[in-house]
Structure formats: structure tokens, C-alpha cells
Amino acid sequence: MSVSAPSVKPPRRVGDRLFAGAAQGAALIIMLALAGVFVFLFIEGLPGLHADERIYQPATNFASYVGPLVYGTVLAAVVALVIAVPFAIGVALFISHYAPPRIAAPIAYVIDLLAAVPSVVYGLWGGLALGQATKPVINWLYDNLDFIPFFAGPPSVTGRTMLTAGIVLAIMVVPITTAISREVFAQTPRLHEEAAMALGATRWETIRLAVFPYAKSGLVSAVMLGLGRALGETMAVAMVLSATPIVTLNLISDTNPATIASNIASNYKEASPDRQAVLIATGLVLFAVTFAVNFLARLVVARSERGVTR
Amino acid sequence: MSTTTPLERDFAVSAGLVQPKLPRGAGLLVAVLALGVSGLLALLLGWNPVGGLVLAAVLFVIGFPLWSALLEGRRSAVDRLATSLVCLAFGVVLVPLVWLIWMVVSKGLSAISIQFLTYDMRGALAHGGGIYHALIGTLLVTLAATIISVPIGIFAAIYLVEYGKGNRLARVTTFLVDVMTGIPSIVAGLFALALLVLIFGPAIRIGFGGSIALSLLMIPTVVRSTEEMLRLVPSDLREASYALGVPKWRTISKMVVPTAIGGIVTGVVLAISRVIGETAPLLIVAGNTDSLNWNLFNGRMMTLPVYIFQQYSSPGVLPAGEVGDPPGYARAWGAALVLIVIVMLLNLGARIIGKIFAPPTDRRR
């Protein structure tokens, strides 16, 4: 009884308590900020859900106002993904499995540069350069493939089409999807690949049999993160498309649906307070959609990571 | 002295011992052939060179595997097809990057002058005017965003690594930071606007609102990079410090953070370069104006990205008698060049800082 164990906790100093508090506070602020995004958008957007009929012109209520916008958002994102995903996977494979190791890192850096270019510069380029350059392609598609609803025409004379917007978005999606797929590919166990090689598989067969099965869920989340980026991108679309609230599959004409984000950006300046509320409400819809997409993507990654460690 | 002579190759092939293989330069040969054929066709039929290049690529992707299929068999042919497609994908992705940079540099350089960099747009019509107000606005807004988000980001990362250690708040924060990376920038702008409107009324447009929106976009990047760097600090260092009786907060502020400072600064600079080109939130919250404004808390504030958008969407007209693009386009390209140069300098700077401050630890860990 003479020697008791020293008290378990050392005396806590003021500095320690302050520092721990600051750290914890910062973590809480992040949580509050994200909750705040929801709450403030909700408070300000709520009046926009049931506003007067005139506010929604040319539509009549919120659902019919936001409907074409949601459609345009999804259409642009899907076009972008259809173009971007094959290239992104190809480039990721090139970096992880095809390029000589010495030049792989600089190449990855160059692809990351694509992500560093500000979106407004992409918009400028898409509107003034790419749009012009796609005109012959659009005319060719219309002349030869106009039985497909995507190319029903009439072909645009300005080149500012959904197809152009999709290509610009695709270029913005490629770096993020490439970066994640590249990491996933690089994580394939070396032994799996060497085993396949030892059985006489060619490089492509090794990739198909050892790398792809291992990387499947990682690829899904890479694509979904790209989707999140494409859904939320504003300026590139706002600068390329001149929008009308219609629902159409046509990718090459002058009348195109806007996306939620581009609609907010292009209508904000002359918006009355009522109209502002409607735009904020559409922003809430966009936030909910991208939140869900990102949430699912992270969930897939988390699950696959657990699967790997097990 | 070797006693066995290698088998004659032709004999080995005909006996089925060795698979026939394409000669070494086969890919190059097919590429040259494809280019030649399509170049000839393009010349004869008067296509533009891009069409010729597309045809050459298609010819190569079909021809090379076909040759391989005839000589080497199906499996090698598929392999060669995959190889050429992968390399082609890489080449195609480089096209927009090179094209864009070339456009921005060639069109932007002619727009840039001393006047362009030192004048604002007050009273500027077809000629004259510049980006001074936008440049100052961008620097102020981004600086304020950095001041807000760096302490929050670094302290949150310290919490995750040093205090949280996988408890519930830490796990939730990690997850939320992941989700925050995916917030569309325009939603961040709407958030800042909704916040300000709630406090100041619906007509509010101030530069500081832009800073709030940008810091929302910056925080996740700062947290992620700082967290990664702090985790790289060997725990021996922390334990050595504790063993000397140094309190935890001094251990963190004097041992852990200084060890990781290079990586942290790199991450912060990269985060700045990411948000400095954001347009949508600033368009909504900071508004746009033609004149210089030094006050973040009063009045609209122009920024470079918004300036580009503004000049693009309402480019103005040339005076009668002059022909060419509207004057706004040239200004937009010039501003785009300045913006890209800033972003690239930040990127480069981040890398150099990372190199200089890299701690002399064992990299193989």
C-alpha cells in the first residue's frame, strides 16, 4: 500500500487544452460548414419552391422549371462521360502499364495540368475555338447519320452545341478520372500480374485478367467522381451553350437545354429576389444530386478498401 | 565454349517451336505507311489536314493488328490492338491541352501591354481598358480565402492525425471532407450568397462573399494534403519529444508541424492555384464592376475569371469601319493568359517549395 500507482492522467496544461480545443473546433467548423450549405440553401431556396406562377416563366411551376434543367445537366454529363471514360482509362493504363517508368511521372504531371487550367479558360476556348472547329464534323454527322436522334439536326451554324459542351466537359473530367484509375491500377498486386505473365499471357491479357478485376470498384468510383465534376461544372457549359428550356436528344443543333449550374450563372445578374430564390432552389437540387453521386462513389471505395484488407 | 548452336529461326518457326513475330520496326513502318496513304488521299481529295490525321490513326489501328493477326495469331493481334488504342488515347488527350495553350498564348500575347495590366475598364470602349481592377480583386479575394481556410484546414488535419485517431468525430470529418471535395463551385457560391442575403438583405454583393465561397472549396484540399503530410512524420519523433516531457501541443507545434511544413505549404499553394481560377461563385457573390475596388467588405469586386466571362459574353463592338473580332475577345484572351500564367507559376512554386523544404527523413518508409 505504500507505493500507489501514479495518477493515470498527467496534469493538463492550459496550452494543451487550448490547442486540442482549436483542433477539435476546426473539425467541427467543417461539419457545420457542410450542414450550413444545406441549411442556408434551404432557407433561401424554400420560397422558390412555391413562388408565383409568373416567376417561373416560361414554365408554370417549380417542377416544370427545373425539369428541363435536370435533363440538360444529366445529358451534358452523360455525353461528357461517354467521351471521357474510354480516354481516361486508356491514359491511366498508358501511365501505369505501358509508358516506360522514367517518363510515366512527367506524363502524369502533364495530365494533371489539364486539371489546373481554370474552367473559364476552357469555356473561352470551347466557345471561340472548339465550337468553330466542330462545324465540319457536325455537318458530316447530320449528312450521314441524321437518322440517329442525337444527330437529327438542323446542324448548328455557330458550333455552340451540346456536343461541343460535352467535349469540353469531357476534357475537364479526364484528369480526375485518370488520376484515380491510375492509382487503382498501380495498386494491383505485383504477384497477380507476374503470375499471369508467367502463364504466357500477353500484356493485354494480363491487364484484362489481373488488373481489371482487381480495379473494378475503383474504376466505378473514378467514373462517379468524374460524373460529379461534370454535373456541377458551370462556366464551360454557360459559355458554350445558348440555352432554351427544351428537352431534346439532339446534340448538334442551336437549341439546347441549359444545365442547372449554367442556368444559375447566366440568369443571376438580372434576377429579382423572387427569381433568386428559385435559382437557389435549383442549386439545392444540384447540390443534392452531386452529394448523392459523391456519397455513393466514396461508399464504393470504402467498401472495396475493406474488401481488399480482408 | 558453347556446344549447342541456336536453332535456325526459320526452322524453329516452321516446326512450331517458336511463334513467328513481327520485325522490330513493324509499328513504325505501319505508322509511316498509314500517314503516307492518308496524306496522299488528303492531298488528292483536298481534305483538311486534321481529317488526314484521323484517317491515318484509323488506318494504323486497323492495319497494325491485322498484320499481326496474319503473322502472329489472334492473341498477339488483340494485344497489339490494345497497345495501339492505349497510346492513341494518350495522344488524343494531349491535343486539347496543346491546342488550348497555343490559342491562349498566341491570342493573349498580342492583347497584353503595360496599359492592359495597369488600367481598369472605366470608360473603356472598343480600345483601351485593362485588367488592373480584376487582378487586384482576384488577389484580395484569394488572399482572404487563404486566411480563412488555412488555419481551419491545418487544425482540422491536426485533429484528425493527432487527436482524433479514428474516433467518431474524426471518421465523420474525414468522410465530410471527401464529400466536400465534390461540392460544385456554384453551390459554394450560392451558399455564400444565401448566408450574406440572410444577414444583409438580397442586394448584397461584396468581395468577401467570394472569399467565403472559395474557402469552402479550399478547405478540403488543405485538410487532405496536410493530413497526408502529418501522417508521414515518423512517430519516433513524437515519442522522443514526449519522453523529454514536452507537452503535446508543443510537440505538435515544434516537432510535427515543422517536420511536415514543406508538404503543408505545397498543399496550400496547390489549393490556392485550384481556387484562383474559380469563376461561378465569384460571378454570383462578388458581382462584376468596371472600376477598381480595394475594399473586400463594401461594393462589388471584379476578379480575373469573371472578367474573362464578362468580356466573352458581352464583347462589345468595334467602331464603324474596322473589321475583326469584337474587342472583348482579345481582352478575354489576354486575361486568360495572365490567369494561366498565375496558375502555372503557383503550381511550379508549389513543387519548388516541396523540394526545398523536403525533410531529410528516410524516404523509403
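Visitor: Which hand does the crossing have where H4(A) passes H13(B)?

Guide: H4(A) passes H13(B) in a left-handed crossing. A crossing is left-handed if the near helix is turned anticlockwise from the far one by less than a right angle, and right-handed if clockwise. Before we go on, note that this is a predicted model, in which local features need pLDDT of at least 70, side-chain atom pairs count only at pLDDT 80 or more, and totals for chains, interfaces and linings use all residues. Residues are numbered from 1 along each chain as its sequence is written, while chains are lettered from A and ligands numbered from 1 in the order in which they are written.

Visitor: How is a packed pair described?

Guide: Two packed helices are described by the angle between their axes and the distance between the axes. Here helix H4 (residues 119-145) of chain A and helix H13 (residues 304-313) of chain B pack at about 20 degrees, with axes 9 Å apart (axes are lines fitted to C-alpha atoms, for helices over the stretch in contact, with angles from 0 to 180 degrees between N-to-C directions). H4(A) and H13(B) are therefore roughly parallel (under 35 degrees; over 145 is roughly antiparallel, 65 to 115 roughly perpendicular, the rest oblique).

Visitor: Which residues make the contact of H4(A) with H13(B)?

Guide: From H4(A) come A:Val120, A:Leu124 and A:Gly127, and from H13(B) come B:Pro305, B:Ile308, B:Phe309 and B:Tyr312 (contact: C-beta atoms, placed from the backbone, within 7 Å). By class, this contact of H4(A) with H13(B) has six nonpolar, one polar and no charged residues (Ala, Val, Leu, Ile, Met, Phe, Trp, Tyr, Cys and Pro are nonpolar, Asp, Glu, Lys and Arg charged, the others, Gly among them, polar).

Visitor: And how many residues does each chain bring to the contact between chain A and chain B?

Guide: Chain B gives 68 residues and chain A gives 68 residues. On the side of chain B that touches chain A, helix H4 (residues 74-111) of chain B gives the most, with 18 residues. That side of chain B has 55 nonpolar, nine polar and four charged residues.

Visitor: At what angle do H10(B) and H11(B) cross?

Guide: The axes of H10 (residues 235-243) and H11 (residues 248-275) of chain B come within 10 Å and cross at roughly 160 degrees. That makes H10(B) roughly antiparallel to H11(B). The crossing of H10(B) with H11(B) is right-handed. B:Leu237, B:Arg238, B:Ser241 and B:Tyr242 of H10(B) meet B:Thr251, B:Met255, B:Val256 and B:Thr259 of H11(B). This contact of H10(B) with H11(B) counts four nonpolar, three polar and one charged residues.

Visitor: What about H6(B) and H7(B): which hand does their crossing have?

Guide: H6(B) passes H7(B) in a left-handed crossing. B:Ala156, B:Tyr159, B:Leu160 and B:Gly164 of H6(B) meet B:Leu169, B:Ala170, B:Thr173 and B:Thr174 of H7(B).

Visitor: Stepping back, how many helices and strands does chain A have?

Guide: Chain A has ten helices and zero strands (DSSP runs: H or I of at least four residues, E of at least two, numbered from the N terminus). The radius of gyration of chain A is 25 Å, well over the 19 Å that the globule rule gives for 310 residues, so chain A is more spread out than a compact globule (taken over C-alpha atoms; the rule is 2.2 Å times the number of residues to the power 0.38).

Conventions
Contact = placed C-beta atoms within 7 Å.
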